[in-house]
Every structure is written in structure tokens, then in C-alpha cells.
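Morning, everyone. Please have the sequence and the 3D view open.

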Amino acid sequence: MHTRPLGTTGPHVSALGLGCMGMSALYGDADRAESIATIHAALEAGVTLLDTGDFYAMGHNEMLIGEALRAAPAVRREQALISVKFGALRDPDGGWSGYDGRPAAVKNFAAYSLQRLGVDHIDVYRIARIDPDVPIEETVGAIAELIEKGYVRHVGLSEVGAETIRRAAATTPISDLQIEYSLISRGIEREILPTLRELGIGVTAYGVLSRGLISGHFDRDRQLAANDFRAHSPRFQGENLQHNLNLVDALRVIAERKGATVAQTAIAWVLSRGTDIVPLIGARTRERLAESLGALEVTLDAADLAAIEEAVPADAAAGDRYPSAQMAHLDSER
């Protein structure tokens, strides 16, 4: 599998990364054994980037990755690069209580993540959302101190806007910005992506299938479990859902003409946006992983891209990508 750089200061990673969140939280129940098998299959296929957050099921996801790595062949374990988000505050009921970006908290979060993952360093470390009470310079400065001590390799950012990117980059080298980017989430193209490219910072794109919405596998009458994030997501509600699945139907026509699945076409579109963009695939099973990896074999020419643009224009989606309370925490949307 070819690699792509996470900006000018970050590591080279596989063309696709594996987002592991759904193996522990927010998308309903998951099968632990299948999750570990999927991580192993990803490593065997040449995927090097594993993405997690210390707050995904309150540490469960990190422990899951740690278990998978311990059981993997040494050569595969050594190729793995781990990206960790931190800062989200949780309570025993599973609620959310804001974000903590204080330097002391950064180092505390890192200490626990290293233990849960069973590693001596984290490859990319980033606060999940900025703490409005702590300047970003202090937060990334604390990560830079962890780099000096060998506990972290690179500083990343997550869901921040152009001004915050510039401030962070003026403090310490930034490898990449993790942010939602897909056919129906293209807000970064206006200001954020040009800023990143000006500064030589890469993109780790999550939500490339919009949480399954544009995967081609989401049924119009599907009932979502109460512990599934999408049950509360505006894009999966009522008329919004029907409108968005109409876009998927239009994309399906193009995919079938290419001899590809809808998911493969949507991932290939993100890959086509630049070699500085690494899509994260949120596969929870080996079957879905194999389908997603097939996107690497899909080549979209100018005519294909024009047809996709006509079928799914920018800003065509109905509904925000998060509920309003969560949108308020997104510096990238301000």
C-alpha cells in the first residue's frame, strides 16, 4: 500500500487509515473478537495508521487497540502508527462535560493513554476539540514538551479553524488536522484546506462515508439503537435522511458504471482531493474493511469527477453533521 505524508513535519502513513471508534462506542454494540480481527486484517493489508480517542468508551478503545497490537505479529505491530485524541471530559453515565486543554491535563491524559495502549510513545497526539478557556498555544506547547521527553512523536489538531491552525503552527510544528471531509461535508474547502496547504500541514479525513450515510448500505427504513450516535444526528432524521439517501442513489449510478461500490467511490473521491489527505475508514468488520480497501483500485478521471460533482454538489446535504449542542464546540465551524 502506498503511503502519504501527514504534512511536511509528520510521518508517512498508509494511503488509508483505520478509525477504531466504532469498535467501542457511539454506533451501537460491537463484537470485540471481530474488532480485533479487523485491526489485524488492516495491519496485514498494509494499513499503518490507527486512530482512537482516550474518551471512546472511557478508555475501552485504547485497551482494545493495545490488545490487538499485543496479539499481532511483531513486524505488523512495529509498523502501526497510533493517533490519539484527548481532552473530552466524561461522567459515569456516559455524558459529556466539556474539554480540558490545560498543560497539566494534557500530560495526565497522555500518561493514562500510554498505559492503556501498552506503548512507550504515541505517534500523533491531539486535543479532540479546543478548550475555550485555554489558549491553543498552551495546549500544543504541552504536547511539544511530551515530544522532547520521547512520549509523543508529532502534534496534531482536530476540528479547528484557520485562525487556530495558524496560532498552533506558530507555536510548534503541526503534522496534520483531523477533520470531517466527505462528498457531503466539504466545508474545509473554503478556508481551512487552503490554510493547511499554505503551512504544509496534512489532513486526516474522518467521516469519509458520513457515518455510513453514503456507504450504500444504509436502508431508508433502518431503525437505529438508542446508543447509536446517528439516532440523534440531524442528517439521519426524517426528511433530511430521505434527501441524503437520494444523493446516494445518484452516486450509485456512477459507482455501478465504474464497477465499484458506492462506498469505494466515495472513498476514492476523498483520495482524489490530494496526496496530503489520508482518509480514515471506520470499518468495524473484516468485510467492510475489504470493501473500503478496494477504493485504492478505483481511479476517477476528470469525467467521473464532473459526474460526481453534478450528482452530489457541494453543500447538497440536508442537516448539520452534528446536533446543535455539539456544533457549538466546533472551532472549525466558526
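A nonpolar core here is a set of buried Ala, Val, Leu, Ile, Met, Phe, Trp, Tyr and Cys residues joined through side-chain atoms within 4.5 Å. Buried means under 20% relative accessible area, with a 1.4 Å probe and protein chains only. This is a predicted model: local features need pLDDT of at least 70, side-chain atom pairs count only at pLDDT 80 or more, and totals for chains, interfaces and linings use all residues. Residues are numbered from 1 along each chain as its sequence is written, and side-chain values use heavy atoms, without hydrogens and water.

So, the core. The largest one has 89 residues. Leu-18, Ile-39, Tyr-125, Leu-157, Ile-165, Leu-177 and Ile-267 have the most contacts inside it. Helix H9, residues 262–271, gives the most to this core: eight residues. Helices are DSSP runs of H or I, at least four residues; strands are runs of E, at least two; both are numbered from the N terminus. A second, separate core has 12 residues, including Leu-49 and Phe-229.

Now the sheet. Eight strands form a closed barrel, S3-S4-S5-S8-S9-S10-S11-S12, with parallel pairing. Two strands pair if DSSP finds at least two bridges between them. Strands S10 (174–180) and S11 (202–206) are joined by five. Gln-178 stands opposite Thr-204 in S11.

Key
Buried < 20%, exposed > 50% of the residue type's maximum accessible area, 1.4 Å probe, protein only.
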